[in-house]
Amino acid sequence: MRMPIAILAAAGIALSSTASLAAEKLVISVWGGSWKDLVEQTVVKKFKAETGADVEFITGGTIDRLNKAKLAKGNPESDLTFTTSHVGWLYATDGLYEPLDLGKIPNAKWLVEQAKISPYHIGSWAYVYTIGYRPDLLPAGFKFESWNDLWKPELKGKISAPDFDASHLVVVSAVLSGGDAATWQKGGDKLKALKPNFKAYYANDAASQQLMQNGEAPVQVMLSMNAYYIASQGVPVELAIPKEGAVLGIDTIGIMKGSKNVDLAYKFINVLLDPAVQAEIATLKKGSPVVTSAKLAPEIAKLPGVFTTPDQWNKEALVIDHKLRGELTGEWRKWFTENVIN
Amino acid sequence: MNAHDTISPTATRRPFLKLFTAPAVITAAIFAISMLAILQFSIRKHIPGSLDVGGFTLANFAGMLHPLYAKVFFQTVWLCLLTAVISLVLGYPLAYALVRSTNLFVKSFILITTVTPLFLGEVVRTYSWIVVLGNNGFVNSVLMQTGIIATPLQLLFTVTGVTIALVHVTLPVVVIMLAAAIAHIDPDYEKAAESLGAGPVRVFLTVTLPLSGPGIVAGLTTAFAWTFSAFATPQLVGGGKVNMVSNLVYQLGFANFNFPFAAALCVAGLALTYVSIFVMRTSLRPLEKVGLH
């Protein structure tokens, strides 16, 4: 009878070990499409190799995922969430995030100051919203040195901007009028004066790329990564970094409160901040790494909007306070819709 | 009269048949609860920087007094009306040919080309229109190459462009409804008119067209209501320059996390839909009566 007992014991051990392996699964909430692919091809690949754990994705738009997270408060569907810096503040203020212990993330010691968003969420990669333009469709020699150049009469009916986020132009107008994000009303009249130069407003990345690609709006307040993507498809688009700075955008990561895989989640974040992974992300998306230890190829590092030195982070980035942006984004959007778009 | 008088013999014999109404009752209840939730959200305060809502207020409705909202609400009604009328004018000959043609090839061709837009995804269909209507798109390329115009016509981000794209998807619905109405017209009426000396045009104008009145009213009303809910088409082809109520709900509500204001816009939009359709049905009632035969 010893043999069957031994077999049963072995089977029991095998089952329990399988169960333990099955529990080692991290669920990540992220945007779909190329963003999910980016995380899968870079971070997840290394994370799986290092931990042997499995990864599952929940994909969706920024707001869809926020709503779902709110509905599942306390029993989250995902362990980790990627979202934008200011929307991350909404997760934080609604108690959806776990406070982060950076001591558990060895690679966080290289994190740039601008990527330390809150005690709950930190940067995963960065980009800028700046002036993208088609030199072939503008008067010869036209250059952008300041955001003020957008107001030039030569650009009448030529520019476009996102309709889902007015924060870039609202804050830029305030800065040009001697104010800042907190005193954004100072730039109101200036922004209204830009109205004749607008050709259209885009609702998503695809529409932004299409407007630039077909030349309908040859000047755009544009996500740098989108500009580099269509440039790689042969569209002669260029990016300018105005002297006031390009508006910094940071996508972030946070651990969901109630996650049952907190230790694994910390390991994932550490892999995300690994210098090699950060360099790979920056190379694929032409964005900025959020750790100073990432080494980029010179042809990537020299691109406008890719920040690799503290000097660039400090001088070329126009940073809107993320918490303030989270609080005021609705008001800005409403004002922009009522006074500029319509 | 007792209670049994109102129950049909079939229902008495098969009381379980009542259970079959359960799915409809549950669906109706879900819709009603959703509507109540929206109504409840519309009278709650928005708390900036939070997903939670505050106490009760009418400020969301007061906020709609800004001229922008009147402009967009008017534009919505105008686009719906324009789309419905153009769909009717284009759809009637197609529906007539679909019903009266004896050539199977012609019937199949009309049916396939008319109904195909319904099977295309809204986003795919809309992006196709962006390609067709753009400055370097098909329409402008043809017009410029043939020398009809020297500079591209501005079709994207205009009411014209949005209307063209909206008609594309509304047309199949109108054609199907008109075809059903025309098919129900007894050909003997037309033959009788012909035998009394009426020519084809007179037969059409005095017999066929009036008798298809109910189909015309149904097609117009459906096209109007159908267009009211359009979102992706005005969003993408309108490029933020031509907005409908649904676009405002998205822009000011969901993109801003201001759910109370979005809910208030939904309630106002719904009320506008009911009022518009009521006015339309009332004004078209004489036409409908003519066609009842």
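1. Chain A first, and how its two domains sit. The centres of domain 1 and domain 2 of chain A, taken over C-alpha atoms, are 27 Å apart. Domain 1 covers 27–127 + 249–318 and domain 2 covers 130–248, with bounds that come from an automatic or database domain assignment. Bear in mind that this is a predicted model, where local features need pLDDT of at least 70, side-chain atom pairs count only at pLDDT 80 or more, and totals for chains, interfaces and linings use all residues. Residues are numbered from 1 along each chain as its sequence is written, and chains are lettered from A and ligands numbered from 1 in the order in which they are written.

2. Where the domains touch, domain 1 of chain A puts in 14 residues and domain 2 of chain A 13; contact here takes C-beta atoms, placed from the backbone, that lie within 7 Å. On the domain 1 side, β4 (121–133), β9 (246–255) and β10 (317–318) of chain A each supply at least two residues. Strands here are DSSP runs of E with at least two residues, helices are runs of H or I with at least four, and both are numbered from the N terminus.

3. Now the two chains. Their contact takes 28 residues from chain A and 27 from chain B. On the chain A side, α13(A) gives the most, with eleven residues.

4. The largest nonpolar core has 160 residues. Such a core is a set of buried Ala, Val, Leu, Ile, Met, Phe, Trp, Tyr and Cys residues joined through C-beta atoms within 7 Å, and buried means 20 or more other C-beta atoms within 10 Å of the residue's own, with C-beta atoms placed from the backbone. Helix α8 (residues 159–183) of chain B brings the largest share, 14 residues. Both domain 1 and domain 2 of chain A put in at least three residues each.

5. B:Leu265 is among the residues with the most contacts inside that core. Leaving aside neighbours within four places in sequence, B:Leu265 is in contact with B:Val245, B:Leu248, B:Val249, B:Leu252 and B:Gly253.

6. Have a look at strand β5 (residues 159–162) of chain A too. A:Ile159 and A:Ala161 on one side, and A:Ser160 and A:Pro162 on the other, are all buried. β5(A) runs parallel to β6(A), joined by four bridges, and A:Ser160 stands opposite A:Ala200 there. β5(A) also pairs in the parallel sense with β7 (residues 219–223) of chain A, over two bridges; pairing needs at least two bridges found by DSSP. In β7(A), A:Val219 is the bridge partner of A:Ile159.

Notes. Contact = placed C-beta atoms within 7 Å. Buried ≥ 20, exposed ≤ 12 C-beta atoms within 10 Å, placed from the backbone.
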